[in-house]
Amino acid sequence: MEKAKPTVLVIGGTGKTGRRVVERLTARDVTVRSASRNGAWRFDWSQSETWGPALAGADAAYITYAPDIALPGAVEAITDLIERAKREGVRRLVLLSGRGEPEAQRAEARLMESDTACTIIRASWFMQNFSESVFRDGVAAGEVVFANGDVPEPFIDADDIADVAVSALLDDGHIGQIYEVTGPRLLTFREAVAEIAVSLARPVLYVDMSPDDYLSALRKAQLPDEIISLMSILVKEVLDGRNAYVTDGVQRAMGRPPRDFTDFARHSIASNAWDNGS
Ligand SMILES: NC(=O)c1ccc[n+]([C@@H]2O[C@H](COP(=O)([O-])OP(=O)(O)OC[C@H]3O[C@@H](n4cnc5c(N)ncnc54)[C@H](OP(=O)(O)O)[C@@H]3O)[C@@H](O)[C@H]2O)c1
């Protein structure tokens, strides 16, 4: 990039990957706009009038779509954002996408066709879903319930995603690339929970339900329809075995292997991720 100090917009800047991207960019002396509904810069996917002020004057943007790129509506919103970013003169776009998700792959295609200097990071399930998101409280309480059917998944560390994203935002060598990023190993959810339990040195049970029973349990617990739709896509499609293979995306992008699940578990324990404040 020509400017001595580029300005980078991070959409979803308080999220699992966005927060890490913000930290890394700040350490690289970049002017960072951390944007979300409650972020330092206001940005709401459901209110397009918030997009222009966040994009104006930015050199590059990291795009994480909320609520989830697998859900209907993501393609239209991301396509509109790409157009708006071009009008505002944003010269580089990096999109966080998901593997084996038809809606996500359609959004990727729109970006690749957009005549923008862009990079796509197509990620497997995040390790941090166990420490910062959907399974965090279950691990802390000693029981994780899900519907995985023992299909293995190559979990990726969100720190690796952030490393790839920052490199793609600041360095020219990643333009036009689709990096399918996974961790180095396939693990079932049962095995992942067992690894965490060993590192924690206390029991954490994994309970596997059928997809339909799991979705019924979520409905009974009165979770929002959007979450149930997302979980349905995840347990019935994304985790049906189509993604049960390891890729070399982190190695290709960064010239080093991805972090292992055991390192993630140890690091999470060191940062008290599963403490209950007692
Ligand atoms: N988790 C996985 O395993 C996984 C795997 C592959 C791909 N992905 C994709 O990763 C993306 C999520 O990224 P992430 O995990 O880094 O984020 P995240 O941890 O899910 O956090 C969501 C971020 O988006 C913001 N946000 C929520 N609703 C918003 C809205 N209506 N408008 C603007 N911002 C909003 C949140 O901040 P506020 O609350 O302040 O708005 C927060 O910064 C999704 O598109 C998902 O499909 C996830």
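This is a predicted model: local features need pLDDT of at least 70, side-chain atom pairs count only at pLDDT 80 or more; totals for chains, interfaces and linings use all residues.
Figure 1. Most residues other than glycine have a negative phi, and most peptide bonds are trans.

**Figure 2. Ala201 in the loop between α7 and β9.** Ala201 is not a glycine, yet its phi is positive, at about 60°. The loop that holds Ala201 runs between α7 (189–200) and β9 (205–208), and with a relative accessible area of 69% Ala201 is exposed.

**Figure 3. The cis peptide bond from Ala66 to Pro67.** The bond that joins Ala66 to Pro67 is cis, with omega near 10°. Pro67 belongs to the loop between β4 (60–63) and α3 (74–87). Both Ala66 and Pro67 are also among the residues that lie nearest the centre of the largest pocket.

**Figure 4. The largest pocket and its lining.** The largest pocket holds about 1400 Å³ of space, and its lining is made up of 44 residues, with Lys16, Tyr65, Ala66, Pro67 and Asp68 nearest the centre. Two or more lining residues come from each of the elements β2 (31–36), β5 (92–98) and α9, and α9 provides the largest share, with 6 residues. Sorted by class, the lining comprises 20 nonpolar, 16 polar and 8 charged residues.

**Figure 5. Residues around the ligand.** The ligand is surrounded by 25 residues, of which Thr14, Lys16, Thr17, Ser36 and Tyr65 are the closest. A backbone N or O atom of Lys16 lies 2.8 Å from a ligand oxygen atom, whereas in the case of Ser36 a polar side-chain atom lies 2.7 Å from an oxygen atom of the ligand. Asp44 places a polar side-chain atom 3.1 Å from a nitrogen atom of the ligand.

Figure 6. Side chains of opposite charge can pair when their charged atoms come close. Arg24 meets the side chain of Asp159 in a salt bridge with an N to O distance of 3.0 Å; this pair links distant parts of the chain, with Asp159 in helix α6 (residues 158–170) and Arg24 in helix α1 (residues 18–27), 135 residues apart. Asp159 counts as buried, because its relative accessibility of 15% falls under the 20% cut-off. Arg24 also forms a salt bridge with Asp163, where the closest N and O atoms are 2.6 Å apart. Asp163 lies in helix α6 and Arg24 in helix α1, so this second pair ties together parts that are 139 residues apart in sequence. Both Asp163 and Arg24 are buried.

**Figure 7. The salt-bridge network and Arg20.** A search of the whole structure finds 26 salt bridges, and a network of such bridges links Arg19, Arg20, Glu23, Arg24, Glu132, Asp159, Asp160, Asp163, Arg256 and Arg259. Arg20, one of the network residues, is in helix α1 and is buried, with a relative accessible area of 7%. The C-alpha atoms of Arg20 and Val166 are separated by 9.4 Å, although the two residues are 146 residues apart along the chain.

**Figure 8. The second largest pocket.** About 160 Å³ of space lies in the second largest pocket, which is lined by 13 residues, the closest to its centre being Arg19, Arg20, Glu132, His267 and Ser271. Arg19, Arg20 and Glu132 from this list also belong to the salt-bridge network. At least two lining residues are supplied by each of α1 and α11 (261–270), and by class the lining has 2 nonpolar, 5 polar and 6 charged residues.

Figure 9. The side chains of Lys236 and Asp212 form a salt bridge, with 2.9 Å from N to O. Lys236 lies in helix α9 (residues 225–238) and Asp212 in helix α8 (residues 211–220), so the pair ties together parts that are 24 residues apart in sequence. Lys236 counts as partly exposed at 42% relative accessibility, and Asp212 likewise counts as partly exposed, at 47%.

Technical notes: Residues are numbered from 1 along each chain as its sequence is written. Side-chain values use heavy atoms; hydrogens and water are left out. A salt bridge is a side-chain nitrogen of Lys or Arg within 4 Å of a carboxyl oxygen of Asp or Glu. Helices (H or I, at least four residues) and strands (E, at least two) are DSSP runs, numbered from the N terminus. Buried means under 20% relative accessible area, exposed over 50%, partly exposed in between (1.4 Å probe, protein chains only). On a 1 Å grid over the protein atoms alone, a cavity is a set of points where a 1.4 Å probe fits but cannot get out, and a pocket is an open set with protein on both sides within 12 Å along at least five of seven lines; lining residues have an atom within 4 Å of a point. Grid points are joined across faces, edges and corners, and a volume is the space filled by probe spheres set on the points. Ala, Val, Leu, Ile, Met, Phe, Trp, Tyr, Cys and Pro count as nonpolar, Asp, Glu, Lys and Arg as charged, and the others, Gly among them, as polar. A residue is near a molecule or strand if one of its heavy atoms lies within 4 Å of it. A polar contact is a pair of N or O atoms within 3.5 Å; within protein, one must be able to donate a hydrogen and the other to accept it, and residues adjacent in sequence count only if both atoms are side-chain atoms.
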